[in-house]
Amino acid sequence: MDVSLLQILQVLQNVFSLSIKIHPFYIPWLRYPRNEPVVKLSFDNLLGTWLEKLCARMASNKSQQFTEKFDAFYTKFATIYDLSVKLLPVWKTWIREAIPYIKGPRVLEISCGTGYLITQYANEFETYGLDYNTKMVSLTKKNLDKKGVKADIQQANVELLPYKNEVFDSLVNTMAFSGYRDGMKAMAEMYRVLKKGGRLLVIDVGYPKNRNRIGAILTRFWSLTGDIIRNMDKIFTSFNLDYKDIEIGGYGSVHLYVASKKRGRNV
Ligand SMILES: C[S@@+](CC[C@H](N)C(=O)[O-])C[C@H]1O[C@@H](n2cnc3c(N)ncnc32)[C@H](O)[C@@H]1O
């Protein structure tokens, strides 16, 4: 098995994030408002945060290598992926949670995979979709044709979106953000193409707010597959995006973030 230093650090980061329950300073009944454990300020959490930053920086430094590794995986398994999304009721249920929040007229889905979600809403909007993986793009086109659904689909990288500034009313991004090598770069591009007052819908894996053990283990499992579990709160806040975080499944390990771009000055 090809285990890199980055993967080892990611595991350590998760171990430190999970160690909350056994930390000597953890006082379960002493909680912040919003139900956050007081341990946020403790040593293990600081170490966890530091490791998280280090992992993100290393992943970013590994540059294209990170994206290409995932891309090779998707090229190999695109057909199986397509089947699993169609057959797995739980996956479909999660990603469909974004649909009621989409507002038009112009919608872009970033990292659309094989296009299952697009087939569910595209006809109601002027819809655009993209994915980095060329096989995923061709399967999306096939799936849309089969269903008689119209959308403008192309191959592109989230870090370099081929659109002008502030053209979309909504952006949809499901189960992909934790697979991006550079979360800040990805968010900067999303922010750029989103209209003021527009909506950004992200579904992704993250630690459950109440830190329940099953949800935390499930999140940790995702990071073992190479995904980077990011502090989405920090990312949204640094782009001055208003957002709400809704836990939609997986014992709190799958989150829907409904964010909106303020109408005032750009960040
Ligand atoms: C786990 S799949 C999710 C697909 C779909 N959104 C879903 O919910 O089923 C992640 C997708 O992100 C795409 N992806 C990875 N890196 C990307 C990048 N840098 N730019 C655009 N898409 C990317 C992959 O090709 C893959 O299709």
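User: Which residue of β7 stands opposite Y243?

Analyst: Helices (H or I, at least four residues) and strands (E, at least two) here are DSSP runs, numbered from the N terminus. Strands β6 (residues 242–249) and β7 (residues 254–260) run antiparallel and pair over 7 bridges, where pairing takes at least two DSSP bridges between the strands. In that pairing, the residue across from Y243 is A259.

User: Before we go on, what pLDDT do local features need in this model?

Analyst: Residues are numbered from 1 along each chain as its sequence is written. This is a predicted model, in which totals for chains, interfaces and linings use all residues, side-chain atom pairs count only at pLDDT 80 or more, and local features need a pLDDT of at least 70.

User: Back to that hairpin: which residue takes a positive phi there?

Analyst: The hairpin of β6 and β7 has 4 residues between its strands. The one with a positive phi, near 55°, is G250.

User: How much of the protein chain is buried?

Analyst: There are 9 helices and 7 strands in the chain. Of its contacts with a separation of 6 or more, 68% are between residues 24 or more positions apart (contact means C-beta atoms, placed from the backbone, within 7 Å). For burial, count the other C-beta atoms within 10 Å of a residue's own, again placed from the backbone: 20 or more is buried, 12 or fewer is exposed, and in between is partly exposed. Of the 267 residues, the buried share is 37%.

User: What sits around the ligand, and which helix gives the most residues to that shell?

Analyst: The ligand has 20 residues around it, with S111, G113, Y132, N133 and T174 the closest; a residue qualifies if its backbone-placed C-beta lies within 6 Å. The shell splits into 11 nonpolar, 7 polar and 2 charged residues. The biggest helix contribution, 4 residues covering part of 64–87, comes from helix α3.

User: Which helix links β1 and β2 in their β-α-β unit?

Analyst: β1 (residues 106–110) and β2 pair in the parallel sense over 5 bridges, with V107 opposite T127. β2 (residues 126–131) is mostly covered, with 5 of its 6 residues buried. The unit is right-handed, meaning that with the strands pointing away from you, the path from the first strand over the helix to the second runs clockwise.

User: Then which helix takes the chain from β2 to β3?

Analyst: β2 and β3 (residues 152–155) are parallel too, over 4 bridges, and G129 faces I153 in β3. The crossover from β2 to β3 is right-handed, and it passes through residues 134–147, helix α6.

User: Why are the buried residues of α7 on the same side, and what arc do they cover?

Analyst: In α7 (residues 183–193), the buried residues are G183, A186, M187, M190 and Y191. Taking the directions from the helix axis to the C-beta atoms, they sit on the same side of α7 because their arc is only 135°.

User: How far apart are the C-alpha atoms of T219 and V205?

Analyst: T219 is in helix α8 and is buried, with 25 other C-beta atoms within 10 Å. Beyond four places in sequence, its contacts are V205, G206, Y207, I229 and S253. T219 and V205 are 14 residues apart in sequence, and their C-alpha separation is 6.3 Å.

User: Last one: where is the cis peptide bond, and what is its omega?

Analyst: P105 is in the loop between α4 (89–96) and β1. The cis bond joins G104 to P105, and its omega is about 10°.

Conventions
Nonpolar A, V, L, I, M, F, W, Y, C, P; charged D, E, K, R; others polar. Contact = placed C-beta atoms within 7 Å.
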